[in-house]
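Here are my notes for you, written as numbered points. Keep the model open beside them and look up each place as you read.

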Amino acid sequence: MSAPLNDADAVTVRRSELACPAHSLKMMAKAAASETDEVVFDLEDGCALSQKIAARKTLVEAFTTLDFRGKIRAFRPNGIHTKFFYRDVIEVVEAAGNSIDVVVVPKVQDAADVIFADRLLTQIEQNIGLPIGRIRLEVLIESAKGVLHAEQIANSTPRLSGLIFGVVDYAGSIGARDTVREQFALYHYPKAKTVAAARAAGIDVIDGVTLQFRDLKQCEQDSISAAQMGFDGKWAIHPDQVPVINRAFTPSQEEIIRAREIIDLYEQADANSGQGAMVNKDEMVDAASLKAERKKLAIAKKIGLP
């Protein structure tokens with residue numbers, strides 16, 4: 001991979017991650033043509049048991065033939081603890097590794113799960129001649145055990161680029177009755193824990209789904225709450241959700257102007273006087289402020305905002 005040209009280029013933009021079943025080339029083509037930042041082709045929950053093995057070939061065809069228009073290209077294999085995982089990863093990555101950016105690992109319980117996936121990918125990369133670590137990992141935190149081990153998981157390997165909170169499986173894991181409404185009241189602790197673990201490790205963090213895919217008001221409400229809570233983006237399960245999610249995670253023109261002011265001010269103060277902290281419009285600015293501001297500029301650059 002070439003070195004980033006500037007700070008904005010070094011930031012990954014994941015406002016929306018659109019998941020769709022890997023057995024349907026038609027659905028994957030629609031996802032690739034959507035406005036999502038990342039596509040996640042799904043061999044796990046999106047594929048019936050009878051379709052899982054055959055879907056690997058369809059998935060390879062999608063990765064090697066579709067035009068993704070600069071999107072992050074990802075797939076979700078079956079869980080680490082199933083009989084499908086290792087063959088999912090080997091068959092798909094060996095056939096299409098040059099066209100894959102991320103493997104999304106579901107139902108991660110602890111750091112050992114991530115390390116296993118990391119080592120398997122390393123062996124495949126060595127075998128097919130890819131740079132070690134080029135294919136990144138994202139992992140789903142979707143159980144009580146996963147939440148309690150979130151810090152260890154987030155720091156398990158440099159290959160890890162993000163945590164995703166999976167609300168549906170988490171609700172099942174703890175025996176909750178309601179998985180879909182009032183997520184931020186019912187599941188505040190696991191969401192906050194996942195955000196904190198990701199931020200401490202310096203990686204992205206993505207919120208889970210809004211299951212009512214036709215209720216775009218609910219999706220908007222959930223997206224705004226996720227953005228306010230500190231998530232970088234949100235999973236989508238239907239293309240219609242993508243524009244709603246993207247809007248919630250796109251900074252306003254005022255925020256973009258402020259981000260440029262803060263970064264310019266910090267760089268000037270460092271160059272002129274060696275200061276690491278200064279005041280901008282009655283607000284303290286230091287190095288801790290810069291990552292969030294650079295993320296805003298990266299989003300603006302991606303979507304062509306002036």
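**Notes on the fold**

1. Let's begin with helix H4, whose buried residues are Phe 85, Asp 88, Val 89, Ile 90, Val 92, Val 93 and Ala 96. Here buried means under 20% relative accessible area, exposed means over 50%, and partly exposed lies in between, using a 1.4 Å probe and protein chains only. The cover over these residues includes helix H3 (52-65), strand S3 (72-76), S4 and H5. Helices (H or I, at least four residues) and strands (E, at least two) are DSSP runs, numbered from the N terminus.

2. Before going further, a word on the model: it is predicted, local features need pLDDT of at least 70, side-chain atom pairs count only at pLDDT 80 or more, and totals for chains, interfaces and linings use all residues. Residues are numbered from 1 along each chain as its sequence is written, and side-chain values use heavy atoms, with hydrogens and water left out.

3. How long should H4 be? The 12 residues of H4 should span 16 Å at 1.5 Å a residue, and this agrees with its end C-alpha atoms, which are 16 Å apart. The expected span is 1.5 Å times one less than the number of residues.

4. Of its 306 residues, 52% count as buried. Among contacts with a separation of 6 or more, 71% come from residues 24 or more positions apart; contact means heavy atoms within 4.5 Å.

5. The barrel deserves a slow look. Its 8 strands close in the order S1-S2-S3-S4-S5-S6-S7-S8, and the pairing is parallel. Neighbouring strands of this sheet are turned by 25° against each other on average, direction ignored. Two strands pair if DSSP finds at least two bridges between them.

6. You can follow the pairing strand by strand. S4 (residues 102-105) and S5 (residues 136-141) pair in the parallel sense over 4 bridges, with Val 102 opposite Arg 136. S5 and S6 are joined in the parallel sense by 5 bridges, and there Leu 137 stands opposite Leu 160. S6 then pairs with S7 (residues 204-207), also in the parallel sense, over 3 bridges, and Leu 163 stands opposite Val 205. As for cover, 6 of the 6 residues of S6 (160-165) are buried.

7. Which strands do the helices lie across? H2 (residues 25-32) lies across S1 (16-21) and S2 (38-42), at about 170° to S1. H5 (residues 111-128) lies across S4 and S5, at about 155° to S5. Axes are lines fitted to C-alpha atoms, for helices over the stretch in contact, and angles run from 0 to 180 degrees between N-to-C directions.

8. Which residues touch the most other members of the largest nonpolar core? In this core of 74 residues, they are Phe 41, Phe 75 and Leu 163. H4 gives the most to this core, with 6 residues. A nonpolar core is a set of buried Ala, Val, Leu, Ile, Met, Phe, Trp, Tyr and Cys residues joined through side-chain atoms within 4.5 Å. Leaving aside neighbours within four places in sequence, the contacts of Phe 41 include Cys 20, Met 28, Leu 59, Phe 63 and Phe 75. A second, separate core of 8 residues includes Ala 259, Ile 263, Leu 290 and Leu 297.

9. Ala 198 lies in helix H10 (residues 188-201) and is buried, because its relative accessible area is 0%. Ala 198 and Leu 163 are 35 residues apart in sequence, yet 6.4 Å apart in space, C-alpha to C-alpha.

10. What about the cysteines? The structure holds 0 disulfides, a disulfide being a pair of cysteine sulfur atoms within 2.5 Å. For Cys 47, the nearest cysteine sulfur is that of Cys 20, 9.4 Å away. Cys 47 counts as buried because its relative accessibility is 4%.

11. Finally, check two loop residues. Arg 69, in the loop between H3 and S3, has a positive phi of about 50° although it is not a glycine. Lys 107, in the loop between S4 and H5, also has a positive phi of about 50° without being a glycine. At 29% relative accessibility, Lys 107 counts as partly exposed.
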